Amino acid sequence: MNISGPNELLENVINRNLCTGCGACVDLCPYFKSYRGKTTMLFPCTLPQGRCFAYCPRLEVDLDYLSGKYFEKPYNSDPLGFYKSIVTSRASEKFTGNSFQAGGTVSAIMYFALERGYIDGAVLTGQEGILPTPRIVMNPEDVLSCGSSKYTAAPTLSAVNRAIEEGLNRIGIVSTPCQALSTAMLRANPLEEKDFTDPVGLVVGIFCTWALDFRAFEPFIASRVDINTITKTDIPPPPAEVMEVYTSDGSKLQIPLEEIRNLVPDACSYCMDMTSEFSDISVGVLEGDPGRNTLIIRTERGKMIVDEAVREGYLIVDDMPEINLEHLKWAAGNKKKKALLKAHKEGMVNNPGKDKISYIRLNNETLEEIIA
Ligand SMILES: Cc1cc2nc3c(=O)[nH]c(=O)nc-3n(C[C@H](O)[C@H](O)[C@H](O)COP(=O)(O)OP(=O)(O)OC[C@H]3O[C@@H](n4cnc5c(N)ncnc54)[C@H](O)[C@@H]3O)c2cc1C
Ligand code: SF4
Ligand code: SF4
């Protein structure tokens, strides 16, 4: 694999505004840090190869290699990636009274996995004011305090690096698609470290079309509402086209999406994945029913944990309506095509040799099918 070091990461990702802010390079060493939405390298480091580069979801991502490792087949053009089944779901009545983004499926599954010992800690995204903050959670009850979406990019994976340092070795991670991709890269042991053991017990990926840049969103929202009063933000599925901001006095501010689209960093326009394809389970909002989720089960491990959570009364599942499935495939395919076409046109895909870094690599047949 074509793996370089921190300087190449800085030059090709951070300085080109391609950084998704995922946090994978943060807290691996003393050099990379994240501060209020910005990933920076504090001091120069001349290491020729580094984990920061190897885990970055923006550099030399070899989709066939990762698909082979994770699903035992080369990457193909299915808009939703590889999966076993798709259902709708919600947390059971056990969780009534908690605040979730939609059906609470993510929180119910992480709670269950932690309680039953399938994972020894959960890496989640909590919040300080409106700043999304990575958290390592050891107690099932604490999973519930991280419910709800923070629509700005969060350096969540920095907490995975800290959890590994602390000795956790069955970590459960709730990740956006770029974070799930980075996690798959970490688990593939790209630097072929001899003492490597897979530290991850479960990856629950959430759907993501884009995330806002915190540095742009904070002043924007502060000019509309007292940020200390915000209790929740939501972006209901189309055709709503608004961000809803709920405040402690019970009111709701509606912001047309066209007013915030320019707060989305350019990095998201290169992101092919809407449904966190490299996860055990993926969860999104079910269109037309804000109280339920779309649940994609991708791996044996994901299936085993979901089946057990249903049997034990933590999770409720139902059939996925065909019309929802069709629309989901359309939306995910659309994102994939747009992003890959853009990256391809800009010379970022399948560059031969080591001289020019590729953002992404995949077999030509799949590439042609996606961008056709
Ligand atoms: C930036 C962003 C964009 C999204 N875009 C879409 C979309 O286009 N379509 C769609 O169907 N769904 C989207 N979602 C996912 C959706 O909002 C819900 O997270 C998902 O449906 C799970 O709902 P739930 O009720 O099960 O989650 P909950 O049980 O409320 O749990 C939410 C989980 O999300 C995690 N989380 C919150 N914010 C972040 C963040 N910024 N980064 C990483 N993890 C986070 C928390 O750790 C928590 O565990 C998006 C979420 C985010 C954060
Ligand atoms: S995308 Fe993630 S790993 Fe790459 S530079 Fe940004 S924060 Fe670091
Ligand atoms: S759109 Fe992609 S790159 Fe942007 S935050 Fe979501 S998963 Fe990450």
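User: How are the residues of the shell around ligand 3 divided by class?

Analyst: In this predicted model, nine residues of the shell around ligand 3 are nonpolar, two are polar and none is charged. The residues that surround ligand 3 are Thr20, Ala153, Thr176, Pro177, Cys178, Cys208, Trp210, Ala211, Ala267, Cys268 and Cys271. Ala, Cys, Pro and Trp count as nonpolar, so Thr20 and Thr176 make up the polar part.

User: Which elements give two or more residues to the shell around ligand 1?

Analyst: Ligand 1 is surrounded by 30 residues, with Phe100, Ser107, Leu124, Thr209 and Gly284 the closest. Two or more residues each come from helix H4 (105-115), strand S5 (121-128) and strand S12 (281-285). The shell of ligand 1 holds 15 nonpolar residues, 14 polar residues and one charged residue.

User: Which residues of H4 and H10 meet?

Analyst: From H4 come Ala108, Ile109, Phe112 and Ala113, and from H10 come Ile305, Val306 and Ala309. In this contact seven residues are nonpolar, and there are no polar or charged ones.

User: How do you know whether the radius of gyration of the chain agrees with that of a compact globule?

Analyst: For 372 residues, a compact globule would have a radius of gyration near 21 Å; the chain has 20 Å, so the two agree. The C-alpha trace spans about 55 × 45 × 45 Å along its principal axes. The chain contains twelve helices and 15 strands.

User: What are the domains of the chain, and how many residues does each bring to their contact?

Analyst: According to the domain assignment, domain 1 is made of 6-213 + 264-371 and domain 2 of 215-263. The contact takes 15 residues from domain 1 and 16 residues from domain 2. On the side of domain 1 that touches domain 2, six residues are nonpolar, five are polar and four are charged. The centres of the two domains are separated by 24 Å, taken over C-alpha atoms.

Definitions and conventions
Residues numbered from 1 in each chain as written. Chains lettered and ligands numbered in written order. Predicted model: local features only at pLDDT ≥ 70, side-chain atom pairs only at ≥ 80, totals over all residues. Domains from an automatic or database assignment. Contact = placed C-beta atoms within 7 Å. Near = placed C-beta within 6 Å. Helix = DSSP H or I, 4+ residues; strand = E, 2+ residues; numbered from the N terminus. Rg over C-alpha atoms; globule rule 2.2 N^0.38 Å.
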